[in-house]
Amino acid sequence: MPPRIPTKSSASSASALWTRTIGANYRQPKPEGGPNYLQAFGAGPNKPFPLNPQFRSERVLDEQARELIWEKVMRRGETLKAVSAELGVDLTRVAAVVRLKEVEKDWISKGKKLATPYSKAVLGMLPTKSFRPGVQNQPLEPINELHIHTATQKQLFWPTAESRQFTREDAAKAFHAKMLSADKRVPHPELIQMEKDLLKGMSPDEARARFIKAAEQSERKAAEKQQRKAMAEEQATKKVNTPRFEFRFKEVDSELVGKDGRAPNVVGWKYGMPHYDRKKGLVKIPTSVP
Amino acid sequence: MPRAAQRRLHVLRRPKLRQSWSKYNLYNLWRQRDPKIGFTDHETFFQQKWRAKGLLRAYHGEHIKERDWERMFSRRLLSVANMNPQYMAQNDGSEMAAGRGSGRDIVSKWKDDRVDPKPITPYMNMAFAPMERRLDIAVFRAMFASSARQARHFVVHGKVKVNGKVMHFPAYKLNPGDMFQVDPDAVMFATGQPKKKGGSNARQAVTNPQANAEAEPAAEEAEGAEAEAEAAKAAEASEVPEQDPETTDKPEAPKADMKPTRQAIQKLTKQAKSILARDRDVSTSQKQNLRSFLKRAKPLLSKAGRPTATPTDILDELNSMVKELNLSDAPAEAAATEAPSTPEQAVAAAARQEPPRSIEDLNADELKALQRLIKEEEENPADPTKPYHTPWKPRDYMSPFAFIPRYLEVNQNVCSAVYLRHPVARVNSAEVPTPFGYQVNQLAFNWYLRRR
């Protein structure tokens, strides 16, 4: 077969023309820094997809902001909740920033090379957020977001007396007997208490001090709970060390098999339930990495 | 990826949007118009759903089998509501009992010229949210790979760790709180300029960007494939056992009397580097000289830090090295015409005009600039062993694709990220990065509900 002579289709020459003209603006990041998204058909700022105005490229924390968060948590010993409320950064994000920063410090102490040029280039292309220490900062994101529980997504017909004060507490009970009210399910219930204190006429300093104390207490409680759980796990496990393996034994009640004898987490073979563990050719992708 | 497959992926005639930073994908994204599905009655509902899911599946994990995605799909769409603490403190919820049971009515101003519709929570844009849990897609979203397929390649080849353990399943679904780390060399390779064949083509790239822009895509891809193979080799070679933190040998602090000598070496090294950085005016042989000078200056620098070193010895060695450098024939016209606006330029210009032989040639500003230049050079050195173009530069057409969704927290320095939570919808925004709007996503969501 003779070699095919490549010819340029009209589509590819149009693409080449675009690359030379409009596309040239997107070849390199903007010299002054900041995002460089497609400017097409009235798409607003920070919208990488011109046809999807409901997806925005949100700001990310810059190096200085990450360092400040790490400093507050690890050096000054402030609680995650207090840092989150002060800077307007989501609670899980504060924890993640500290965790990643710890990895970074570990690399530096070990003399491992950081991907600094990559980091500088990427942060130069993204909308970023920095904080000024010691002053009131604009928040990065909403911090007190409530997960919409499935049980609350149904419509209810719930007749009550007009004279009754039907609060969030009552609404939660109406949806499900065990459901907590929104005031308890939000990430920062302490902030609501602080606002209540302020409404009562407490001085801002005092309210803030109480908030910090409450945040400390709740974090301590959570840590203790975790510790208790780990201890219970430890006590329930019998460890036998051999040169090659550490065997861990746990007491299991084989009678606890659920209502129909086929509960998903029970031990052993269940009548009528396929047992895929030993089946050939099935890839078993782990569901979690501890 | 083979050339034919690459061409199929970014096809120009019937374009499909992909999870990729290719310039063809950017072009396709730019020229993509609203598909206007369901705007006319030419199509049945089935046809509308079919076309919508086709458009979206081409973007969301086209490398994933349809059956696998169908198993992954969930009709449960996650969302959050912002609870203002101040409002919650002021109201206990009973205010919502007013009106018809969902708070006092807000009367619309129908007399106004323009009445904006109430903002919705775009639940339907969350149709492909379960896809974002996949490890390969998350690696792409964290900007550690230039396409979802490349991210998958990294995972399969053991370049990605989850919570400190190598995870070689691209289909691993991240759990909230999982940290994933990608080998920095792989990341720099994926996001950096490709290495040119037969040494550095940096000069050509700087002087003639057009020539590069018009290069055939196939050539780039072929290079990409080769560089990929090189990256794999380099990564294997760089697998050195980690150093114990206790035994880390750090360079000792310099003695006070050695300071001027050390400064001189640093200064000269910096000059050399600054000249290398503005490589248009320097000939290749001069650049080679400079590189060898930099190489030799490094051990000298550590020697100067040692207590046994004498300033005269080191100065002699330094002087001989500077003489060998022979920079004087570099063109000085360019430097003469442009006024040095920054200290760096001044330093570079001075270096081009005459090689300084004494230590006290530079003022404090210039020294500072030199220090910064050396630091930059140390961070981003020219290293021919790397599978990407060095000094590292971001690849072309990267910036229009640069965004990091809120459900990830990324630390680029260590090429690691934490999957904070599953993506959610809020009032007026959804966190799943998807190229099409609400209606197309809604039709696709309805397709996967399997009531068709």
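Modeller: Before we start, a definition: two strands pair if DSSP finds at least two bridges between them. This is a predicted model, where local features need pLDDT of at least 70, side-chain atom pairs count only at pLDDT 80 or more, and totals for chains, interfaces and linings use all residues. Residues are numbered from 1 along each chain as its sequence is written, and chains are lettered from A and ligands numbered from 1 in the order in which they are written.

Colleague: Fine. Which residue stands opposite Leu146(A)?

Modeller: Ala81(B), which is in S1(B). Helices (H or I, at least four residues) and strands (E, at least two) are DSSP runs, numbered from the N terminus.

Colleague: And how many bridges join S3(A) to strand S1 of chain B?

Modeller: Three, and the two strands run antiparallel. S1 of chain B covers residues 80–82.

Colleague: How many residues of chain A are in contact with chain B?

Modeller: 76 residues of chain A, against 81 residues of chain B. Contact means that the C-beta atoms, placed from the backbone, lie within 7 Å.

Colleague: Which element gives the most on the chain A side?

Modeller: H5(A), with twelve residues. Among the others that supply at least two residues each are helix H1 (10–20) and strand S3 (145–147).

Colleague: New topic. What domains does chain A have?

Modeller: Domain 1 (60–129) and domain 2 (185–235); the bounds come from an automatic or database domain assignment.

Colleague: How far apart do their C-alpha centres lie?

Modeller: 23 Å. The contact takes six residues from domain 1 of chain A and nine from domain 2 of chain A.

Colleague: Where does the largest share on the domain 1 side come from?

Modeller: Helix H4 (residues 80–87) of chain A, with four residues.

Technical notes
Two residues are in contact if their C-beta atoms, placed from the backbone, lie within 7 Å.
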